[in-house]
Amino acid sequence: MANQRMLGFVHTAQRMPDKRPATERRQDFAEIYARFTDERANEQANRCSQCGVPFCQVHCPVSNNIPDWLKLTAEGRLEEAYEVSQATNNFPEICGRICPQDRLCEGNCVIEQSSHGAVTIGSVEKYINDTAWDQGWVKPRTPSRELGLSVGVIGAGPAGLAAAEELRAKGYEVHVYDRYDRMGGLLVYGIPGFKLEKTVVERRVKLLADAGVVFHPNFEVGRDAAMADLRRKHVAVLVATGVYKARDIQAPGCGLGNIVPALEYLTTSNKVSLSDTVEAFENGSLNAAGKNVVVLGGGDTAMDCVRTAIRQGAKSVKCLYRRDRKNMPGSQREVAHAEEEGVEFIWQAAPEGFNGDTVVTGVRAVRIHLGVADATGRQTPQVIEGSEFTVDADLVIKALGFEPEDLPSMFGEADLKVTRWGTLLIDHRTKMTNLEGVFAAGDIVRGASLVVWAIRDGRDAAEGIHAYAQAKAAVPVAVAAE
Ligand SMILES: Cc1cc2nc3c(=O)[nH]c(=O)nc-3n(C[C@H](O)[C@H](O)[C@H](O)COP(=O)(O)OP(=O)(O)OC[C@H]3O[C@@H](n4cnc5c(N)ncnc54)[C@H](O)[C@@H]3O)c2cc1C
Ligand code: SF4
């Protein structure tokens, strides 16, 4: 396979890995795509045009060296491809599965721009790194020397885990505190298994533990310890707590039973998939089986809810979104998957109220006209007079977005500065908050975002912490290299 000429896009069409039929997918929570065969990965990687200025890399938040690992894959040099791939990304097989590639690397592939269909970058990234796991190439990054300094990380989502891995490799003693019983944040309790199987996250967490990262599950900062305690214990503390306050809807009937927040619904479903017994699922309140389900919202969370409800055996699943298909925030690929699986989208429709005595029986909605664009360039939704209609519903799931919790009061640190959105204010050069030695990364800084951005932030914060800790401890930087 050596010395492939690349530029294969001129004679080879874009092909995704095989996708399981929708009828089969509806029955379980397993991932929907198979892995590329060696031949298909080689053929698809070979389509890359090896651009001088690779826009895929420019638009990848972790600046993956995509053209190089595509070329190495096309040449059958997979272990080298793996080395290049993991050099910039702590969880490449996770990004390969769940990045919205159509908005990032693949959306900016030059071949896509010239209508040939992008190189299937995400699927090749997944293929390279799943192969690396199978072959035993993925090893814990234990440090060559201990620095004798410890760092506390609050939150075991992708931002906290990426920072923990980087800091441990540099020689820090790293303690990760999380209020959940399992590590992974939204990777484990938000994102459903049909996008990301949980074993993929578990093996990463184990790898970090094998490298010496110390995990403290069921440990909520603000309840089990104050921030001040952690600041005393560690040379630096990283806040990577994500955003968990669900946006709500105020409308007549919004207090009825069976109107539930998206994350409660998805977390329950994920716990059940992990064989936990959850009372709210057992008693049916967070179980869509046999129900008419209406999901409110048009983002990735809404897509995960509709597709979860299908798998739980809902009678019908409808998604109500106030804008049209091309203006929805969720990935177009996910919408297509949902439609294949039997979800009905009601575009340009907004809820006005809920029917029912004690529990919801229907959603009252109105049709929306998209008017002229506002200052942000988005068309303003306007209610169409006299367009009221009702959708039957036994379960309504609110997927309207997330906001930060009130961290200054949760942490007992009234001086901790936040932005007007409640996200933590940091110095973007150092990643430090206004509190000495307290850093922040991921959704708690950006607002609800993406896994790959959380990884990037975690890596950057690790660099900021390292520079800070070295200066403080006056340990020569050279000894800290991996
Ligand atoms: C349903 C859903 C689907 C998504 N799908 C995708 C997708 O397909 N692709 C994609 O790229 N992104 C997706 N996202 C977004 C992505 O999951 C987040 O951007 C990412 O997980 C943010 O990482 P984080 O580390 O900042 O926070 P999180 O992953 O939220 O992790 C934060 C951790 O901090 C812990 N924590 C919070 N407060 C405390 C405290 N006081 N003490 C101790 N621990 C605490 C939490 O328990 C949690 O484990 C999705 C989000 C949701 C909600
Ligand atoms: S990390 Fe995400 S954006 Fe970057 S190459 Fe992989 S799939 Fe594309």
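**Notebook: ligand shell, ring pairs and salt bridges**

I began with the shell around ligand 2, where nine residues are nonpolar, three polar and one charged. In this sorting, Ala, Val, Leu, Ile, Met, Phe, Trp, Tyr, Cys and Pro count as nonpolar, Asp, Glu, Lys and Arg as charged, and the others, Gly among them, as polar. The shell holds 13 residues, and the closest are Cys60, Cys99, Gln101, Cys105 and Glu125. A residue is near the ligand if one of its heavy atoms lies within 4 Å of it.

I noted that the model is predicted, that local features need pLDDT of at least 70 and side-chain atom pairs pLDDT 80 or more, and that totals for chains, interfaces and linings use all residues. Residues are numbered from 1 along each chain as its sequence is written, chains are lettered from A and ligands numbered from 1 in the order in which they are written, and side-chain values use heavy atoms, without hydrogens and water.

Next I looked up aromatic pairs, which are rings of Phe, Tyr and Trp (its six-membered ring) with centres within 6.5 Å; planes under 30 degrees apart count as stacked, over 60 as edge-to-face and the rest as tilted. I found six aromatic pairs by this rule. Tyr177 and Phe219 have ring centres 4.7 Å apart and planes at 50°, so their pair is tilted. Tyr177 is in strand 2 (residues 173–177) and Phe219 in the loop between strand 3 (214–216) and helix 12 (227–233), so the pair ties together parts 42 residues apart in sequence. Helices (H or I, at least four residues) and strands (E, at least two) are DSSP runs, numbered from the N terminus.

I then checked Tyr177, which is buried at a relative accessible area of 2%. Buried means under 20% relative accessible area, exposed over 50%, and partly exposed in between (1.4 Å probe, protein chains only). For Phe345 and Trp347, the centres are 4.9 Å apart and the planes at 10°, so this pair is stacked. Phe345 is buried at 11% relative accessibility, whereas Trp347 is partly exposed at 21%.

Last, I searched the whole structure for salt bridges and got 41. Each is a side-chain nitrogen of Lys or Arg within 4 Å of a carboxyl oxygen of Asp or Glu. Asp18 and Arg40 form one of them (3.4 Å, N to O). Asp18 is in the segment before helix 1 (22–25) and Arg40 in helix 2 (residues 38–45), 22 residues apart. Asp18 is exposed at 51% relative accessible area, but Arg40 is buried at 14%.
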